[in-house]
Amino acid sequence: MGLSVQDRGRTVATFRHIHVEMMETLAQWTPSAPEMEVKLMLGEHIWDVAQNADALGKRTRELRLPLQHSIKPADPYAGLLADIRKEADTARRLGSFYDVLLPGLESRFRAYLDQTDELLDGPTVRILQQIQDVQSRMMKQSRKLRAELPELGKVDGEWLKALTRRESQIASVVA
Amino acid sequence: MFAPGPARDSRFVVKERWIECANFPIGHPEQVGQFLHRQMNEEVDSLESSARNLSDFPDAPWEIRLHLARQCADEARHARMFRRLFEKRDGKVGQYPVLNFQYRIITQFNSLAARLAIQNRSFEAGGLDAITDSIRQAREDGDLELAELYEAQVADEISHVRFANEWIRTLSEGNPANLLRIAQAMQTASLAFVAVMGKEGVEGVSYPADREGRLEAGFTRDEVEITAKLMSKDA
């Protein structure tokens, strides 16, 4: 049996919450990141993530929840987001966001798309596919920036691997 | 009167007052370059202020937050626009000292209505007047590249002022205490601006109000006429 309308609503609302948190994280980092090029990239990505949150928020209404409804993710994932947000070093910020969080979400979107019915849940499918395209561009831009400014890519490999493991061990973001 | 400033990397020399910056007269070979560099940093300030508005007010209505997020992207793009032209004209990032006064004035206030009134409705609206006059000047000087940059910029800035005008009215109707917060913030911001610019920074600066732009940006006819009269008195 596939996902019910209620299941879809809860998942979309959780994805929305995550995107709003990501938007706030990038916004919080922008003034405190010393590097101008990082600020400018984050500024653009704030808007990307906001639009993704908005699309998800319009969809929650269609899934019988309030407009722009957010549901807090499962505690382990909420904790991960909070810890990433607290990062103060630019390289660790970029690594955690673009090399861990976004690829992790990409996997979760794929899992959802595999699970849901493409016809019954068509609008969600379309939204997630569009978000995947946007995120792919964001990750590419971050790689390009770190290639141009190698100092921004200097992060402890073991720390990054541990964070990736932590993210992947969270079975579901939905509380 | 000032909050702490945003971070800058080692290329930048940050000053506190206009008089400490490189201020070249019109006609000086470095005047336009220095202006482009200053504008680049001021757009970064605007980006940072809008970003702070997003992170500092998580309970603001979603529609305002979406506008703020868009403003972040626009201001980032403006900074890139100024940088592109500056570097095309052989400028180097960090070549001149910068001021971060806008960010430091705006972010001291703990009310979103007050911050929008200062950043969007005052600084950016004042920018509409300056930019429109600069478009005219750039075309007269034959600098079509610069005129094009300004035209793209002013179209975006009108949107920023417009959403602030709409939302300040909504926020004030919902909570009239916001009007008092705005009035107090405007007074503090004016004093701070004078402290930064000094007499030297404002002497001889004169251009008309951009009536059309201000109307498009959501000011009422009465507000536009009052501003126009005040600005013509300062001339």
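How many of the 28 residues of α1(A) are buried? The count is 22, so α1(A) is largely enclosed by the rest of the structure; buried here means that 20 or more other C-beta atoms, placed from the backbone, lie within 10 Å of the residue's own. The model is a predicted one, in which local features need pLDDT of at least 70 and side-chain atom pairs count only at pLDDT 80 or more, while totals for chains, interfaces and linings use all residues. Residues are numbered from 1 along each chain as its sequence is written, and chains are lettered from A and ligands numbered from 1 in the order in which they are written.

Helix α1 of chain A covers residues 5-32. (Helices are DSSP runs of H or I with at least four residues, numbered from the N terminus.) At 1.5 Å a residue its span should be 40 Å, and the end C-alpha atoms sit 41 Å apart, which agrees; the expected span is 1.5 Å times one less than the number of residues.

Now for the place where the chains meet. Chain B puts 22 residues in contact with 21 residues of chain A, contact meaning C-beta atoms, placed from the backbone, within 7 Å. On chain B's side, α1 (31-56) and α2 each supply at least two residues, and α2(B) gives the largest share, ten residues. By class, that side has 14 nonpolar, one polar and seven charged residues; Ala, Val, Leu, Ile, Met, Phe, Trp, Tyr, Cys and Pro count as nonpolar, Asp, Glu, Lys and Arg as charged, and the others, Gly among them, as polar.

The partner of α2(B) (residues 62-88) is α2(A) (residues 36-62): the two pack at an angle of about 150°, with axes 8 Å apart. Axes are lines fitted to C-alpha atoms over the stretch in contact, and angles run from 0 to 180 degrees between N-to-C directions. That makes the pair roughly antiparallel, the word for angles over 145 degrees. Among the residues making the contact are L40(A), W47(A) and D54(A) on one helix and W62(B), R70(B) and C72(B) on the other. The contact residues split into eleven nonpolar, two polar and five charged.

Within chain A, α4 (residues 90-115) and α6 (residues 157-168) pack at about 25°, with axes 10 Å apart. These two are therefore roughly parallel, which is to say under 35 degrees. Their contact includes G95(A), V100(A) and G104(A) of α4(A) and L160(A), T164(A) and S168(A) of α6(A). Three of the contact residues are nonpolar, five polar and two charged.

Technical notes:
Parallel < 35°, antiparallel > 145°, perpendicular 65-115°, else oblique. Contact = placed C-beta atoms within 7 Å. Buried ≥ 20, exposed ≤ 12 C-beta atoms within 10 Å, placed from the backbone.
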